[in-house]
Amino acid sequence: MRRRIFIQSGSAAMVLALTGCGGGGGGSASGSSSSGGATASGAQPPLSSSGAPGSGVAYPFGARLDAYVAGILPTHAPKSEMDSAIKASYDAWKAHAIVDVPTVPGGKVVRFGSNPSYLAVSEGVGYGMLITVLMAGHDANARATFDALLTTVRARPAKGMVQYFGDQANNLMDWRLNMDGTSSDANDLGASAMDGDLDIAMALLMAHRQWGSNQGWNYRQEAINTINALKNVNMKEDGATKGLPNPNNNRTSDYMIGHFRAFKKATGDGFWDRAVDRAYELIDRMQTVYSPNCGLMPDFVINTHTSAPEPSQGYIGDGTPTEGFFYANAQRNPWRFGSDYVLSGDARWKNVCNKLLNFIKADCGGDPTRMALGYHLDGNAMERSYPPTAMIGPMICGAMVDASHQDFLNTLYSWTSAHFTTSYYDSELQLLPMIVASGNWWTP
């Protein structure tokens, strides 16, 4: 498999040619299968475009029904002002990003930037489902959009994984679609990408809380189906995530600990507690052993089956020489870890974020636009040619863990809100952290 992520920051574009799904699959799955079609277990017909029936919203945007148990919020703007800015950014994002799928009746995806070859990747669909379920109440058509995204998810399963993991793999999404919405892999045998499926599963649990599962799609059952498939396909027994080309490699941005906690709550399966613990063990080792002065972590970790996991030396996950750097994947981590901390209060992740944020603040002198596009683990900057929008956004959530970052948090949020872009990847990594920082993040 090959994957391309187009990361737009300001007026510059950075194109990364990636090999593998960055954490999807694992085991012996290498790409081809002769298995037949897939019908998601428990699927229900989507709602009409009007959103009816059952269009009531249990957790409307701006309600802040679940108070954060830890961390800080921006203090430079009232909540109403932040909500207004987020609504405007969401409206701009949706108008640009959400598009129809030619070969999936009623289906939609999040457009894969300006890429002329591929319409969408599952990662983007996962982001889109999280965003739309959170914005219900502001967007009267949020449920219709969510269901259209889900329609595509279930119409384009990762058929190539079935021969290795059984029919359960049909509950994972094909990781990349051609411009006409068909699978980008030979013979319609697409594989999965773990990050997209993790967000899809989380969004489905949130949809169950938001709209219920009694009419239209059975969101809860769809979530359970995907969670079970993720455990079977993407996880090791010790709680580590699997990667490619073998299951003993993985990607740190797949350590979505808040999702793991939600999966435990939904299924009662203690395995997901192990997943949280193992993620911490690996991140702590990367920071302590390989970046003791900076608190950085690599995009990819290798040899997770040993007592001495280490950063990738390159070319095992995304097929690039930068896999051992804090770069295009790991830059998402402060968003994932910080958004978990404000709801869980798990001090381990506060410590992780503090180490990272203390370095970043010192490196850029408190000016987000001076952040590098990426960092070697010893703290050396890769490049500073333009403000790295997709690096700056996630740092908002990292800064939320401790009052010592208050001024930096305010600056990060202000800059991001004032420089919102609709470009793929950057926009999602701005909008979601802004939602978290405004107090509007919640879990099922």
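Mentor: Happy to; what follows is a set of questions about the labels and the values behind them. Keep in mind that this is a predicted model.

Trainee: Let me start with the overall picture. How many helices and strands are there in the chain?

Mentor: The chain has 13 helices and nine strands. Of its 444 residues, 62% count as buried. Among contacts between residues at least 6 apart in sequence, 71% join residues at least 24 apart.

Trainee: Which residues touch the most other members of the largest nonpolar core?

Mentor: Those are M129 and M371, in a core of 131 residues. Helix 5, residues 194-211, gives the most to this core, with 11 residues. As for M371, leaving out residues up to four places away in sequence, its contacts are I360, C364, R384, P388, M391, I392, M395, F408 and L412. As a general point, nonpolar side chains tend to be buried together in soluble globular proteins.

Trainee: Now the charged pairs. What makes E123 and R332 a salt bridge?

Mentor: Their side chains meet at 3.1 Å, N to O. E123 sits in helix 2 (residues 122-134), while R332 is in the loop between strand 9 (310-311) and helix 9 (333-344), and 209 residues separate them. E123 and R332 are both buried. They also belong to a network of salt bridges that links E123, D195, R251, D254 and R332. A search of the whole structure finds 23 salt bridges.

Trainee: Why can we say that the pair R348 and D277 ties together parts that are apart in sequence?

Mentor: R348 lies in helix 10 (residues 347-364) and D277 in helix 8 (residues 271-290), so their pairing ties together parts 71 residues apart in sequence. The closest N and O atoms of this salt bridge are 3.0 Å apart.

Trainee: And why is R348 called partly exposed?

Mentor: Its relative accessibility is 24%. Buried means under 20% and exposed means over 50%, so a value in between is called partly exposed. D277, at 34%, counts as partly exposed too.

Trainee: What separates R278 and E281 along helix 8?

Mentor: About one helical turn, because they are three residues apart in helix 8. R278 has 12% relative accessibility, so it counts as buried, whereas E281 is partly exposed at 43%.

Trainee: What joins the side chains of T241 and N250?

Mentor: A polar contact of 3.2 Å. The distance limit for that term is 3.5 Å.

Trainee: How do you know that T103 and G181 are close in space though apart in sequence?

Mentor: Their C-alpha atoms are 5.6 Å apart, while 78 residues separate them in sequence. T103 is also in contact with R156, D180, G181 and T182, leaving aside neighbours within four places. Its side chain reaches the backbone oxygen of D180 at 2.6 Å. T103 lies in the loop between strand 3 (98-100) and strand 4 (108-110).

Trainee: One more label: why does N187 count as exposed?

Mentor: N187 has a relative accessibility of 69%, so it counts as exposed, the cut-off being over 50%. N187 is in the loop between strand 6 (176-178) and helix 5, and its phi is near 60 degrees, a positive value in a residue other than glycine.

Trainee: Finally, which residues lie nearest the centre of the largest pocket?

Mentor: M202, G258, H259, D340 and T443, out of 18 lining residues. The pocket holds about 220 Å³ of space. Helix 7 (257-267) and helix 9 each supply at least two residues of its lining.

Terms used
Residues numbered from 1 in each chain as written. Predicted model: local features only at pLDDT ≥ 70, side-chain atom pairs only at ≥ 80, totals over all residues. Heavy atoms only, no water. Core = buried A, V, L, I, M, F, W, Y, C linked by side-chain atoms within 4.5 Å. Buried < 20%, exposed > 50% of the residue type's maximum accessible area, 1.4 Å probe, protein only. Helix = DSSP H or I, 4+ residues; strand = E, 2+ residues; numbered from the N terminus. Contact = heavy atoms within 4.5 Å. Salt bridge = Lys/Arg side-chain N within 4 Å of Asp/Glu carboxyl O. Polar contact = N/O pair within 3.5 Å; in protein donor to acceptor, adjacent residues only side chain to side chain. 1 Å grid on protein atoms, 1.4 Å probe; cavity = no way out; pocket = protein on both sides within 12 Å on 5 of 7 lines; lining within 4 Å. Points joined across faces, edges and corners; volume = space filled by probe spheres on them.
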